[in-house]
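Could you have a look at this one before we talk?

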Amino acid sequence: MTTYPFAFDPSKPFIEQASDWIADVFYEVLPEVGFEVRDEQIYMAFQLERAYKEKKTIFAEAGVGTGKTLVYLLYAIAYARYMRKPAIIACADESLIEQLVKPEGDIAKLARHLNLTIDARLGKSPDQYICLNKLDEARSGLDEDADVFRDIYQDLPDFVHFPDTLQSFIPYGNRKEYPELTDRQWSRLGWDVFQDCLVCHQRHRCGQTLSRDHYRKAVDLVICSHDFYMEHVWTYEARKREGQLPLLPEHSSVVFDEGHLLETAAQNALTYKLKHTQFEAIITRLLEGEIRESLAMTIEDAISQSEALFAVLQKNSQAVHGSDRKEFSLDESLIREVNRFSDLIGTIEEELVFESGLFSLDEYQLKIVEEHLEMIQTALALFKRPERLISWVIEDQDGLTLVVMPKMVKEILKERVFAQHMPIVFSSATLSVENSFDYMAQSLGIENPLTFSVASPYEYADQMQAALYPSQPGHNPVERVLALLEKSQGRALILFPSQEELVIFQTGLTAYPEASAYRFLYEGSAEISHLISAFQNDEESVLCAVTLWEGLDIPGPSLSHVIIWSLPFPPNDPVFTSLRKDAADPFMQIDMPHMALRLRQGIGRLVRSRNDRGWISIMGEDLNRQEVRTQVEQLLPAGVKCTVVEGNPEGIKTC
């Protein structure tokens, strides 16, 4: 592999030489093989030069069709070779990763047309891999899925069954390899946060472990999700303290593709999760050794207190519309149970100091227990300063999980991410609100970022039509959707703000025999990239999704209609409730900017090439509010014809 894709003169600044080469690529090399020269793309390239030269953070807002991915890939690859460290490309979710690395994706195009060998490797999140322990449990069950799980086990590579057969890296166990599994089925065998990998006897033949060893050796690019990058940040110090390697290798720069979603990923990662069954499983390991009676009794008391704490949480928690987070009131009874549990954990920690001197416990097991107890104490300590705390519970088939998050996520990001002296690129078509980047910068704790914005080169006035459908009393939104699907004969993406609303639509559809005219694909019914492929290849199908407001790139007639079931305002869950409490005008400072960024992304799914044509249909009760309707109209691309349909067709008027 050639070190640089251009002749490097060490007497001249590297970034200037890289920029000259990138300019040649866009002005000469790519046009020769049929690529269109785009002024917006060239402008973005020169803007990114500043970020790499000054090693600063830049908000690169570039509209649909500007070819922003090619620009940041060229800089990231060149700079990675100069620094001898790979670049990290962090995508919003796993489906966006797949689009970047697919055989006809942008990395493959650059490699082919520039005659480059690009070493790009996937760093997928742990929950995208089979947990061998969970698979063992699932395949031994008696339910209807047990045969499916047994077949999966039988098809694993031989070295999983016979460890001495491993001769070279063989990737396996990736969620994408099992496209027909529903999300519910995958949750039965996919890794989750409560798996204790450090003491797992199968870790050295685990697909996740083997893949991690592989991607860490990447020369040019490691491609991961936002969630995984934030997990790397959050666990970096702890893993080094435990003698482990960080999740990601040392890197030269970071690109956050669809960067407007990073705050959500940070909130997901920078949390503590407590579960009674997991606590009991870990703490009872101490009982397997020879320990003093006082410690054994304290452990039993702690287990009972954990049960009591989660019983109170179960009693006090209540569901939140549009969110899987359940809220609970932090009253005196709950605080009392938290303090009792914390005191018992403290007593166990003190006892373990004495116990470790007796050498009666396995040293490695003891370390695992101590680390877990330290995490619990750190999480519980936040309850003593509730003004710095956001907490909620999640309930699944395995019971209740208490989630505790420090309120000032942006302070952690500022210290551990943006204080690093390296180029950081936020790339998205939607980073600003009303021509200002302040909302993004303030929410992430970024001071004085570089910024620029370039519009899409598409002729939206000719390529897109839009209509708003404010909800009317007694009107059934399912009927409205079926009428809209007639207009485009299927070929539609229906976007829902929450899984709850998707289920309402899916359930309501069963009452309408005419719905059988279309093939409906529902997110969660299979692996996401498999669903996207099915939607693209079955032209008249309808894709119903919650997470595809951004990143979905399907040019052509298969996606001719984007239907917004309701405006994507944030739910009233504990996270957004906390943000609203800190805002002078919660609706205008929190709710509207969140909705605006998400809606702009959803609208952007329609036109993906100069030949695309289609409709945007936006429904919902919130459109009856004039200030909301005005904001939505302003979010549509300039020149797009828009009508408001109120009630019957005679109620149609121009926006």
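1. Ground rules. The model is predicted, so to speak of local features I need pLDDT of at least 70, and side-chain atom pairs count only at pLDDT 80 or more, while totals for chains, interfaces and linings use all residues. Residues are numbered from 1 along each chain as its sequence is written, and side-chain values use heavy atoms, with hydrogens and water left out.

2. Aromatic pairs. Searching the whole structure gives 30 aromatic pairs. Here rings of Phe, Tyr and Trp (its six-membered ring) pair if their centres lie within 6.5 Å; planes under 30 degrees apart are stacked, over 60 edge-to-face, and the rest tilted. F59 and F426 make an edge-to-face pair, because their ring centres are 5.1 Å apart and their planes sit at 80°. That pair links distant parts of the chain: F59 is in strand 1 (residues 57–62) and F426 in strand 9 (residues 424–428), 367 residues apart. Helices (H or I, at least four residues) and strands (E, at least two) are DSSP runs, numbered from the N terminus. F59 is buried at a relative accessible area of 0%, and F426 is buried at 0% too. For the record, buried means under 20% relative accessible area, exposed over 50%, and partly exposed in between (1.4 Å probe, protein chains only).

3. An aromatic cluster. Y4, F6, F8, F14, W21, Y52, Y75, Y79 and Y82 form one cluster of aromatics.

4. R325 has two partners. The charged end of R325 sits over the ring of W392, 4.6 Å from the ring centre; the test is NZ of Lys or CZ of Arg within 6 Å of the centre and within 35 degrees of the ring normal. R325 also forms a salt bridge with D573, with the closest N and O atoms 2.9 Å apart. A salt bridge is a side-chain nitrogen of Lys or Arg within 4 Å of a carboxyl oxygen of Asp or Glu. D573 lies in the loop between strand 15 (561–564) and helix 23 (574–581), and R325 in the loop between helix 14 and helix 15 (332–356), 248 residues apart. D573 is buried at 2% relative accessibility, and R325 is buried at 11%.

5. Other charges. The whole structure holds 26 salt bridges. R121 and D119 meet in one of 2.9 Å, N to O, and both residues are buried. E627 and R625 bridge at 3.0 Å between the closest N and O atoms; here E627 is partly exposed at 40%, and R625 is partly exposed at 34%. Shared partners also join E16, E49 and K53 into one salt-bridge network. Separately, R139 lies over the face of Y153, 3.6 Å from the ring centre.

6. Helix 14. Among the buried residues of helix 14 are L295, T298, I299, A302 and I303. S304, also in helix 14 (residues 293–316), is partly exposed at 44%.
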